[in-house]
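Please walk me through how to read the features of a protein model, from the whole chain down to single residues.

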Amino acid sequence: DVENSRSYIDELYSEENCKCQEAIVCLKNAVIGSNKKKGSIISQGIVPRLIALLCNAGKPLQLRIDAGIVLGSLAKGTEQQVHSLMRFNTVDVLITIVFDPSTNERLMETCLGALQTIVQYPFAPMDLIHSDINNIRRLIQIASPRSSFACQMYVVNIFVPLCHSSHQQKNLCQADVIPFLARLMISDNTTLQVPALKCLAAMCFTNKSVSNMVHSTYHADRSILDILTALLSRTRDIEVQLAASRCLTYLHRAGSLPAEDYRIVYKTLPCLARLCSDEFGEYIRATAAETLAYLAEIDSELQRLAAISNHLIASLANLIKCPSVLSRQGAFRCFASLAANDEEIRKRIIEMDGLMEEVLYGLKDDCPEDHSVWRPLMDLLSGEPSLELQTVVTSTICNLLLEFSPAKEPMLESGAVEMLCELTKHPDPALRLNGSWALMNMAFQVSLVLDDPHPPEVKEQAIIIIGNITAGVRDEDYVLQDEKIVKKIRDFLVANDNKLQMGAVFVVRNLLDKSGRQHILRQWGFLENLEQLLHMTPQHSQFYEE
């Protein structure tokens with residue numbers, strides 16, 4: 001055990017290379033797979049000795065390689081242990097050795113492997129690489145076709161977390177990383193293809209200039225677009241298909257590929273819909289759903305096509321049953337995207353029997369049997385869900401409520417309006433926006449319902465929604481902003497239908513809870529209609545008191 005092995009720890013500091021070599025082999029075997037032992041090594045202050053051995057060109061090559069292997073193993077420990085490595089400028093040391101033209105290839109591979117592990121952490125000092133564009137060019141040279149497979153694999157994986165900001169993406173483009181990635185994409189080796197595709201996708205994400213460069217780049221007489229499209233084939237590895245579809249999705253959303261392009265309509269969208277099906281692993285399905293949501297988010301025709309592709313809605317319903325948060329979020333985001341514009345799609349989602357019960361069942365041990373379809377969705381937000389899950393679920397609800405119809409009654413009975421009202425007070429801006437946008441849209445839809453010749457029971461439901469909005473957000477004027485709604489509420493006070501009258505009184509009472517509105521309502525003629533209603537109502541009734 002490392003804690004009780006001072007003998008070989010002491011030998012690590014021996015100037016006799018053979019003793020030091022024996023000690024470091026013992027150390028290497030001890031730390032593999034054990035975070036506890038990694039922590040012990042770090043706490044005993046051995047990292048500086050390992051770095052000294054690694055940097056000493058006068059030491060035997062194998063000793064230096066083994067020192068690098070131990071550092072790479074320590075980098076696979078806990079986040080706190082990696083933070084400890086950072087204090088000894090480990091990344092600077094690794095980069096210096098990697099960029100030294102005289103470095104042996106085996107030692108190069110060891111240092112690249114340790115560097116790849118460390119740069120996956122967001123707190124890694126990425127600027128040490130990005131500070132000079134020649135550093136990126138040097139890494140590309142290190143991963144040339146003549147280099148070992150390991151060098152190529154490590155370098156492309158190092159690039160993946162280095163391309164998230166627009167500045168980083170620009171640097172990578174200027175260093176000609178796109179042709180490098182294209183070469184790896186056609187390598188027919190999944191270990192190289194997947195990180196190359198991930199890097200390309202990250203570079204294109206919301207970056208039109210990079211996306212346009214990718215759009216116009218050719219490699220080996222083939223455009224990158226054609227290479228990506230070919231990688232969507234069912235004969236390719238599943239992860240390759242998924243990563244390539246994400247590249248094409250981001251190229252579309254960045255504006256470099258139109259929604260009607262055949263690569264999007266006939267290749268990318270069907271591929272993503274297929275990858276959502278139950279035959280694939282949970283991570284693939286969840287990521288595909290998330291990507292498909294983003295692909296179709298702003299285009300109604302893509303939403304319509306997706307909804308009829310490969311039993312997608314049923315696949316998403318099954319995905320929600322999976323235990324991971326990633327799966328539920330992917331499914332919810334895709335539901336929200338599909339329901340953004342088409343009422344028929346919304347209706348199909350709403351009417352999918354038991355869908356939302358499954359949501360609740362997956363999150364709670366005690367799921368009541370008699371819940372309506374939408375009650376579980378409301379309950380999903382009643383505990384302490386993560387902010388991200390709240391955003392996804394409320395986006396789904398908001399999109400499903402985009403158009404008013406009596407079919408929404410189960411959802412409304414489950415407290416949708418009250419939930420939206422609460423959202424308008426939420427500290428998170430995205431959730432406040434979701435709530436406000438949905439309430440304003442509902443008020444607009446209700447205005448149309450009140451204005452059209454619908455049956456009294458439909459109008460009654462519309463008034464209940466208005467009443468709930470005015471009750472939930474008393475300080476906002478979502479209702480008073482709409483002249484049609486105000487006039488209809490005023491007229492319903494003296495209508496021949498008692499339920500419409502009661503609903504109108506409920507709305508007026510809520511509106512009066514904020515000072516300054518009395519004058520507005522008086523101007524609209526509410527006082528006269530209230531007085532007329534008072535004369536029409538029996539004095540002994542509860543309604544008269546209200």
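Q: What should I know about the model before reading it?
A: This is a predicted model, in which local features need pLDDT of at least 70 and side-chain atom pairs count only at pLDDT 80 or more, while totals for chains, interfaces and linings use all residues. Residues are numbered from 1 along each chain as its sequence is written, and side-chain values use heavy atoms, with hydrogens and water left out.

Q: How many helices and strands are there in the protein chain?
A: Helices (H or I, at least four residues) and strands (E, at least two) are DSSP runs, numbered from the N terminus. The protein chain has 35 helices and 2 strands.

Q: What percentage of the residues count as buried?
A: Buried means under 20% relative accessible area, exposed over 50%, and partly exposed in between (1.4 Å probe, protein chains only). Of the 546 residues of the protein chain, 56% count as buried.

Q: How far apart are the end C-alpha atoms of helix H14, and what span should its residues give?
A: The expected span is 1.5 Å times one less than the number of residues. Helix H14 has 15 residues (190–204), so it should span 21 Å; the end C-alpha atoms are 21 Å apart, which agrees.

Q: How many residues of H14 are buried, and which helices do they pack against?
A: In H14, 12 of the 15 residues are buried, among them Leu 192, Val 194 and Met 203. Packing is read from contacts, meaning heavy atoms within 4.5 Å. The buried residues of H14 pack against helices H11 (149–159), H12 (166–174), H13 (177–185), H15 (208–216), H16 (224–230) and H17 (238–253).

Q: Which residue follows H14 with a positive phi?
A: Thr 206 follows H14, and its phi is positive, near 55°.

Q: Is Cys 334 buried or exposed, and what is it in contact with?
A: Cys 334, in helix H22 (residues 325–338), counts as buried because its relative accessibility is 0%. Leaving aside neighbours within four places in sequence, Cys 334 is in contact with Ala 289, Leu 292, Ala 293, Leu 312 and Leu 316. The C-alpha atoms of Cys 334 and Leu 292 are separated by 6.6 Å, although these residues are 42 apart along the chain.

Q: Is Leu 433 buried or exposed?
A: Leu 433 lies in helix H29 (residues 429–451) and counts as exposed because its relative accessibility is 57%.
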